[in-house]
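The tour goes stop by stop.

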Amino acid sequence: MARPFRNVRALCVAGASATALMWGVAPAMAQDAADQTTGEDATVVDEIVVTGFRSSLQQALNVKRREAGAVDAILAEDIADFPDQNLAEAIQRLPGVTIERVNGQGTTISVRGLGADFTRTRINGLEAQAASGGNRNRSFDFSMFASELFNSIKVRKTQSAEIEEGSLGSTVDLQTGRPLDFANSGFNSALSVQASYNDLSEKTVPRTAGLLSWSNDSKTFGILGSIAYSERSPILESFNTTRWQKGDPTKAYGVGQNFGGCVPCTTEAQRTELLNAFYPRIPRYTFGNTQEDRLGMTGALQWRPSDRTEVVLDLLWSRLNSELESPNVEAWAFSRAAVNNVIVRDYAIDAGKNALSYGVFDNMLVRSENGFTRNESTFAQASLNVRHDFTDRLRGNMKLGLNKSEARTPTNVTYAFEQAGVNGYTIDFRGNDRLPMIDYGFDITSGKDFTLIQGTRSTSGGDFDNNVFAGALEYDWTPSITFKAGGEYRTYGFSTWGVARAQTATAGADRITGVDALGKIVSIDGKIGVPAGSDLSFIVPDISKINDFLSVYDDPLVPNRSEREVDETDKGVFVQADFNTEVANMTVRGNVGVRYAKTEVESKGWQTISLPGGGNAYDYVTAYNDYDDVLPSFNLAIEPRDDLVIRLGAAKVMSRPTLGDLTPGGGVSPTTRTVSYGNPLLDPFRATNYDLSVEWYFQNEGLLAAAVFYKDIDSFITSVTESIVWSDLGLPDELLQGAARPTDVFQVTRKLNGEGGSLHGLEIQYQQPFTFLPGLWSNFGFIGNFTYVDSEVDYGAAGKNRLTGQSKNTFNTTLYYEDGPFQARVSAAYRSGYLMSFPGGNGNSEEGMNATTYVDASMSYDISDSMTISLEGINLTDEYNDRYVDETNRISDYRHTGREIAIGLRWKY
């Protein structure tokens with residue numbers, strides 16, 4: 001008979017996670033569980049019962065240790081005590097996990113170098129799609145949810161047959177609270193309030209959460225509800241260029257993207273040098289104001305009439321609203337045909353970047369813009385989970401659920417003033433290649449010579465629907481072997497639409513010159529470090545004033561042929577054998593199985609048809625595709641000693657194409673001069689994964705682990721990017737919305753099935769309380785992990801490069817202190833640079849993001865058993881996001897959002 005998996009079972013008694021942990025009652029739960037054990041197991045549990053943050057760290061190790069595959073976990077005490085604004089920022093503490101930040105907060109995650117589209121997220125066991133703003137892909141936007149709503153997070157890095165297909169990188173499991181997880185029956189409640197101050201916006205905003213749970217005395221039935229509300233109000237201060245481009249010395253001045261002339265270019269060599277050098281397309285300082293509010297609620301009904309039966313209904317609803325005003329003034333001529341009229345009066349070139357580092361220009365076109373965007377996003381989910389033990393050996397479970405995510409942009413308004421014929425415009429990068437000095441050559445606070453030339457208004461939205469039915473049976477064939485079989489049926493729907501003002505260029509009385517009465521003065525106060533001599537104040541359109549002024553503001557919006565739809569049906573079945581036995585006096589456990597998946601896709605979108613007699617017609621077309629996959633998997637955990645686990649894993653995996661890539665139509669961004677076309681016949685990403693890890697649990701709360709992994713990517717969706725004049729694309733000019741002209745050159749990207757590639761890496765994880773040190777030093781502890789990832793994939797004609805979104809080196813460290821009622825910790829998260837697009841647009845070799853390091857800290861003090869006060873600091877170094885283009889590292893966007901300091905109070909009963 002197999003040796004009992006005693007060490008893990010005992011350690012996991014304290015591993016039941018619940019929202020109670022979030023509110024600091026984990027020790028009570030652990031002790032209650034320990035009281036129910038006897039003999040040897042009870043002794044082991046008593047040894048590990050600790051309080052607060054250290055308790056949750058131990059429980060997370062228990063989760064990791066008992067799994068057959070590679071799993072990392074965060075439990076509620078971690079989530080509550082780390083100074084994280086949302087779930088993404090909590091998950092980044094785990095090995096191999098990195099996050100993308102938008103407007104200063106984490107939004108999506110990458111795991112082991114694979115981006116958000118390769119990661120599946122499940123909420124209460126149900127696959128979910130949460131989208132906000134303009135998100136139109138499969139990635140899960142974690143900023144939709146407050147971290148207080150969840151009590152555990154698990155990241156599964158290896159695949160087993162019983163886990164649904166769809167992930168090349170990992171499966172993330174999020175769990176909300178349930179009433180019967182509390183140690184005590186009756187009522188349990190908690191409340192937290194927090195005030196958060198941003199040093200850049202100099203605003204203080206609230207954050208609050210509450211929970212109420214009840215169960216009967218016999219703990220067979222319970223009900224729970226929780227709510228969380230928060231606001232954010234950061235300033236988005238940046239310099240950006242919207243890429244770089246260059247001319248062509250084989251052509252004359254005033255042709256293509258060539259300047260109109262060059263005063264100091266007295267030789268052909270100087271002319272060639274100038275026209276070969278890259279120049280910024282839209283250089284500008286920006287000062288965006290963002291307002292966000294997020295409201296989330298969870299509910300749970302739990303019925304457990306006996307140990308054999310459990311029925312749980314989980315409910316989740318979340319809403320995220322955001323408003324952004326984005327004023328700026330910019331050199332508009334560089335990105336338009338107007339560059340053909342620009343005269344270069346003086347210049348200098350950075351030879352290392354082959355780019356203009358300084359220039360004085362005449363006959364410039366200067367634009368002042370202001371836009372206002374409101375995004376409204378909601379997510380709702382209901383899931384029913386039923387578990388029943390038919391006999392001591394036969395068990396079954398059923399899962400039924402649905403979720404819906406709506407991403408709306410009900411208001412998107414942009415207005416522009418322009419002034420032509422500007423002389424003496426100066427830009428100078430020589431002192432700082434991220435923050436140039438800019439002198440516009442005239443008084444840009446005056447609207448006297450500006451003309452209101454454009455007004456756009458649009459509304460758009462996207463819907464995501466997911467319906468799931470799944471069931472499985474498991475049978476203990478012997479004490480050492482359990483067979484599992486099951487399947488699921490999922491339908492997935494995606495649709496997007498948009499309407500816009502048909503006429504965007506102003507005309508008649510609306511096209512007014514002298515706009516002081518329609519503008520307002522915006523000032524950049526210098527916190528971004530703008531060089532001396534730059535224009536820091538400028539006039540921009542006043543949104544509300546121009547709304548009232550324009551005669552066409554209330555004109556009806558018309559469809560802009562942005563409608564796209566994808567309907568997907570996924571069917572899957574699996575068989576799996578779990579084993580737990582003894583070989584050569586070693587515990588050997590794991591699983592082996594196979595999954596079959598069938599995918600059927602129907603996609604719709606607009607196609608442009610060139611007519612024989614000239615002109616175009618537009619047809620809303622439907623395309624079909626289907627494919628199937630056989631996905632074997634194997635996970636093995638060997639325990640040569642009670643404190644050592646060696647894991648092996650192998651699996652074939654697949655990840656379906658992103659939604660925007662599947663539609664027959666395309667997407668147009670007039671402001672960035674880009675067009676992307678879909679391909680409804682794309683096959684999925686496919687890979688074979690191999691994993692090996694060694695984990696040494698050398699003491700309670702202690703771990704030293706190393707893992708290596710290799711992914712052989714059999715198929716990879718790539719893209720081809722070309723520079724094409726808009727008028728040659730055959731697309732309707734109304735799609736330009738007045739933000740571009742038919743003669744402008746666009747970067748056109750099409751998706752294709754590529755050849756594939758490979759990815760490999762190493763993870764190292766270390767965790768230990770310093771109980772071996774004397775005195776107060778014994779109250780310290782450390783958590784750290786380092787991940788190295790490298791990859792090479794085939795991007796078709798562009799060649800080979802690493803995966804987009806993949807950082808080569810990442811690390812997370814936390815130094816913590818815990819002594820009775822006082823807790824403190826400081827954390828750092830480093831991510832090396834990564835690609836965002838390959839190849840880059842406008843002749844740049846690539847686009848990417850440079851390295852970042854975020855430092856956060858928090859401390860708390862238990863005033864009493866039920867009251868805790870806390871102080872947190874987020875992004876203490878005010879880290880800048882530094883986006884670049886080309887391997888020479890030309891600046892694209894250099895942005896910061898300030899530090900956040902928060903003080904809070906938590907109460908529980």
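Buried means under 20% relative accessible area, exposed means over 50%, and partly exposed lies in between (1.4 Å probe, protein chains only). This is a predicted model, in which local features need pLDDT of at least 70, side-chain atom pairs count only at pLDDT 80 or more, and totals for chains, interfaces and linings use all residues. Residues are numbered from 1 along each chain as its sequence is written, and side-chain values use heavy atoms, with hydrogens and water left out.

**Whole chain.** Start with a cartoon view. The protein chain has 10 helices and 49 strands. Helices (H or I, at least four residues) and strands (E, at least two) are DSSP runs, numbered from the N terminus. Of its 909 residues, 59% count as buried.

**Backbone stops.** Most residues other than glycine have a negative phi, and most peptide bonds are trans. Select Asn-354, in the loop between β18 (343-350) and β19 (355-362). Its phi is positive, near 50°. Asn-354 counts as partly exposed because its relative accessibility is 31%.

The peptide bond from Phe-838 to Pro-839 is cis, with omega near -5°. Stay in the loop between β43 and β44 for Asn-842. Asn-842 has a positive phi, near 60°. With a relative accessible area of 9%, Asn-842 is buried.

**A strand residue.** Select Ser-189 in strand β8 (residues 186-198). What does Ser-189 touch, leaving out residues up to four places away in sequence? Show Leu-211, Leu-212, Trp-907, Lys-908 and Tyr-909: Ser-189 touches them. Contact here means heavy atoms within 4.5 Å. Ser-189 is buried, at 15% relative accessibility.

**Salt bridges.** A salt bridge is a side-chain nitrogen of Lys or Arg within 4 Å of a carboxyl oxygen of Asp or Glu. The count comes to 64 salt bridges.

Select Arg-232 and Glu-292, which form one at 3.4 Å, N to O. Arg-232 is in strand β10 (residues 221-232) and Glu-292 in strand β15 (residues 284-306), 60 residues apart. Both Arg-232 and Glu-292 are buried.

Move to Glu-325 and Lys-520, bridged at 2.7 Å, N to O. This pair links strand β16 (residues 309-325) to strand β26 (residues 519-523), across 195 residues. Lys-520 is partly exposed, at 28% relative accessibility.

Finish at Arg-589 and Glu-639, a salt bridge of 3.2 Å, N to O. Arg-589 lies in strand β30 (residues 586-610) and Glu-639 in strand β31 (residues 616-641), so the pair ties together parts 50 residues apart in sequence. Arg-589 is buried at 4%, and Glu-639 is buried at 0% relative accessibility.
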